[in-house]
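Biologist: Hello! Could we walk through this protein together, one question at a time?
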Amino acid sequence: MITVSMQIRPADRYDMARSKKELRYGQVFFLKSVHTGKYSGPYNVNEDTDPLDISMWLQHNMIYVPISPLEGKGLKAHEITANQNQATQP
């Protein structure tokens, strides 16, 4: 089994877009359910990402992004852990 842990923080509009008309392609993000509080993802912003979805998710504080090593340690971080069974080699 492989376990990966990552610290994430709430995203802001600058994390998701370079300008009002240009999304930040390649940005990795997670979505937090407003109903269950559970995270899903990771996802990444690409040419198929709907800017209206991003806007709605930001308004509802649903988007979380990985914390960069360049960001301060004083950030309020959330930790997520993903487990995956590792395939065995014959």
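This is a predicted model: local features need pLDDT of at least 70, side-chain atom pairs count only at pLDDT 80 or more; totals for chains, interfaces and linings use all residues.

Biologist: How many helices and strands does the protein have?
Modeller: Let us follow the chain. From the N terminus on, the elements run β-α-β-β-β-β-α-β-β. Counting by type gives two helices and seven strands.

Biologist: What share of the residues in the protein is buried?
Modeller: A residue counts as buried when its relative accessible area is under 20%. The protein has 90 residues, and the buried ones make up 22%.

Biologist: Among contacts between residues at least 6 apart in sequence, what percentage joins residues at least 24 apart?
Modeller: Here a contact means heavy atoms within 4.5 Å. Take the contacts between residues at least 6 apart in sequence, then keep those that join residues at least 24 apart: the share is 67%.

Biologist: Which element supplies the largest share of the lining of the largest pocket?
Modeller: The largest pocket has a volume of about 340 Å³. Of the 17 residues that line this pocket, the closest to its centre are R13, A17, S19, K20 and L23. At least two lining residues come from each of α1 (13-16), β2 (17-19), β3 (22-23) and α2 (51-59). The largest share is four residues, and the element that supplies them is α2.

Biologist: And how many residues of that lining are charged?
Modeller: Sort the lining by class. There are eight nonpolar residues and three polar ones, and the number of charged residues is six.

Biologist: Which residue forms a salt bridge with R9?
Modeller: Side chains of opposite charge can pair when their charged atoms come close. The structure holds two salt bridges. In the one with R9, the closest N and O atoms are 2.9 Å apart, and both residues of the pair are buried. The partner of R9 is D15.

Biologist: Is E22 buried, partly exposed or exposed?
Modeller: E22 forms a salt bridge with R18, where the closest N and O atoms are 4.0 Å apart. The relative accessibility of E22 is 41%. Partly exposed covers the range between the buried limit of 20% and the exposed limit of 50%, so E22 counts as partly exposed.

Biologist: What is the phi of N61?
Modeller: Most residues other than glycine have a negative phi. N61 sits in the loop between α2 and β6 (63-66), and counts as exposed because its relative accessibility is 58%. Although N61 is not a glycine, its phi is positive, at about 55 degrees.

Biologist: One last thing: what distance separates the C-alpha atoms of G37 and M62?
Modeller: G37 is in the loop between β4 (28-32) and β5 (39-44), and counts as partly exposed because its relative accessibility is 31%. G37 and M62 are 25 residues apart along the chain, and their C-alpha atoms are separated by 9.2 Å.

Key:
Residues are numbered from 1 along each chain as its sequence is written. Side-chain values use heavy atoms; hydrogens and water are left out. On a 1 Å grid over the protein atoms alone, a cavity is a set of points where a 1.4 Å probe fits but cannot get out, and a pocket is an open set with protein on both sides within 12 Å along at least five of seven lines; lining residues have an atom within 4 Å of a point. Grid points are joined across faces, edges and corners, and a volume is the space filled by probe spheres set on the points. Ala, Val, Leu, Ile, Met, Phe, Trp, Tyr, Cys and Pro count as nonpolar, Asp, Glu, Lys and Arg as charged, and the others, Gly among them, as polar. Buried means under 20% relative accessible area, exposed over 50%, partly exposed in between (1.4 Å probe, protein chains only). A salt bridge is a side-chain nitrogen of Lys or Arg within 4 Å of a carboxyl oxygen of Asp or Glu.
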